[in-house]
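This report is an introduction for a reader who is new to the structure shown below. Please keep the sequence and the 3D view at hand while reading.

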Amino acid sequence: MIEADSIGLVSPQKIPFETPLPLQNGQVLPRFDLMVETYGTLNEDKSNAVLICHALSGNHHVAGYHSEHDKSPGWWDNMVGPGKPIDTKRFFVVGLNNLGGCHGSTGPLSIDPETGDEYGADFPVVTVKDWVQSQAMLADYFGIGQWAAIVGGSLGGMQALQWAIDFPDRVRHALVIASATRLSAQNIAFNDVARQAIITDPDFHNGHYRRYRTIPRRGLRIARMMGHITYLAEKGLGKKFGRSMRTDGYQYGYDVEFEIESYLRYQGDKFAERFDGNTYLRMTKALDYFAPAAEYGNDLLTALQRVKAKFFVASFSTDWRFAPTRSRALVKHLVKAGKNVQYIEVESHHGHDAFLMTDEPYVRAMRAYMNNIHKELQA
């Protein structure tokens, strides 16, 4: 059943771009498609557009339902819709699947126009900077000269920050949530373990597994199980599962005995059937390579001098993957650079996944900030 406050039924659209896109690694995509969903109405002067950038396993389906039979709505339906913090009665909201994705945008599952075969492992490694370039082309397609706001959590927040640096005149507000200016060594390590699980799967076949009519299911499963643990918090896991057993006493074996084991295996199995291994490799590499200060002598303060956008930065107390200290560091540099920034640190037991949840102080802060953007546009 579709909720009364939902945006309702929505349809994605695939937008083709025939202009070659030079990539940061020196390769060129001769053409590409972006899978997009839009909600709300673009106003006459095209000033009310909001771009939603997704995290590692996200996509264009941000809000609403594709069918009355869908079991769940888009991944940020609690935040985007009529009367919600990102109010589709006020804003024209754009969600997209990034290049390299596996939900309709050009990526490893797409046909390489030069060979007529699927790209597979031959699809280039793309970066956050590449995504921002393609998103700028998407803005041009809609005739949007400046986004009222660019919003993202985790890897999505990195895109919002990169946008503000690369296209300072085209971003009015950047909302960077549960994110960082670059990955820690620990985060890079987690990503590499996940990639190794996929690459060493016997069904990986050097990334061309679909030629063998298979997928690296076991590797994807393990990668997701490990990743999922890092997105949660000990407090939340303990509250939800504790040491609850699925069996009557210890079995002294390696099948599922604890509820948490059952939960992780279920999540891993589900993910392995809906996500592409080559996409997972590329998304984690985009995380690893993100360093917007690199081309400014690794001086973040210099990079932020270019910024004209106002910032909203949010972090969560139990997020140990992107800890509040990382957000505070960004805020400190923004303040030192003389930029306008608002910061909230939310008490939450949801860990990194809190940016997807409905912790009241977080939702209230998002609503207030977006309300102020609307007032600013009206004025």
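## Packing of helix 1 and helix 2

In this predicted model, helix 1, which covers residues 128–142, packs with helix 2, which covers residues 155–166, at an angle of about 70 degrees, and their axes lie 9 Å apart. Because of that angle, helix 1 is roughly perpendicular to helix 2, and the crossing of helix 1 and helix 2 is right-handed.

On the side of helix 1, the contact is made by Val128, Lys129, Trp131, Val132, Gln135 and Ala136, while helix 2 contributes Leu155, Met158, Gln159, Gln162, Trp163 and Asp166. Sorted by class, the contact of helix 1 with helix 2 has seven nonpolar residues, together with three polar and two charged ones.

## Surroundings of Phe190

Phe190 belongs to helix 3, which covers residues 185–199. When its neighbours within four places in sequence are left aside, Phe190 is in contact with Met226, Thr230, Trp320 and Arg321.

## Cysteines

How many disulfides does a search of the whole structure find? The search finds zero disulfides. Cys53 is in no disulfide, and the nearest cysteine sulfur, which belongs to Cys102, is 17 Å away. Cys102 is likewise in no disulfide, its nearest cysteine sulfur being that of Cys53, 17 Å away.

Cys53 counts as buried because its relative accessibility is 1%, and Cys102, at 14% relative accessibility, counts as buried too.

Definitions and conventions: Residues are numbered from 1 along each chain as its sequence is written. This is a predicted model: local features need pLDDT of at least 70, side-chain atom pairs count only at pLDDT 80 or more; totals for chains, interfaces and linings use all residues. Side-chain values use heavy atoms; hydrogens and water are left out. Axes are lines fitted to C-alpha atoms, for helices over the stretch in contact, and angles run from 0 to 180 degrees between N-to-C directions. Helices (H or I, at least four residues) and strands (E, at least two) are DSSP runs, numbered from the N terminus. Angles under 35 degrees count as roughly parallel, over 145 as roughly antiparallel, 65 to 115 as roughly perpendicular and the rest as oblique. A crossing is left-handed if the near helix is turned anticlockwise from the far one by less than a right angle, and right-handed if clockwise. Contact means heavy atoms within 4.5 Å. Ala, Val, Leu, Ile, Met, Phe, Trp, Tyr, Cys and Pro count as nonpolar, Asp, Glu, Lys and Arg as charged, and the others, Gly among them, as polar. A disulfide is a pair of cysteine sulfur atoms within 2.5 Å. Buried means under 20% relative accessible area, exposed over 50%, partly exposed in between (1.4 Å probe, protein chains only).
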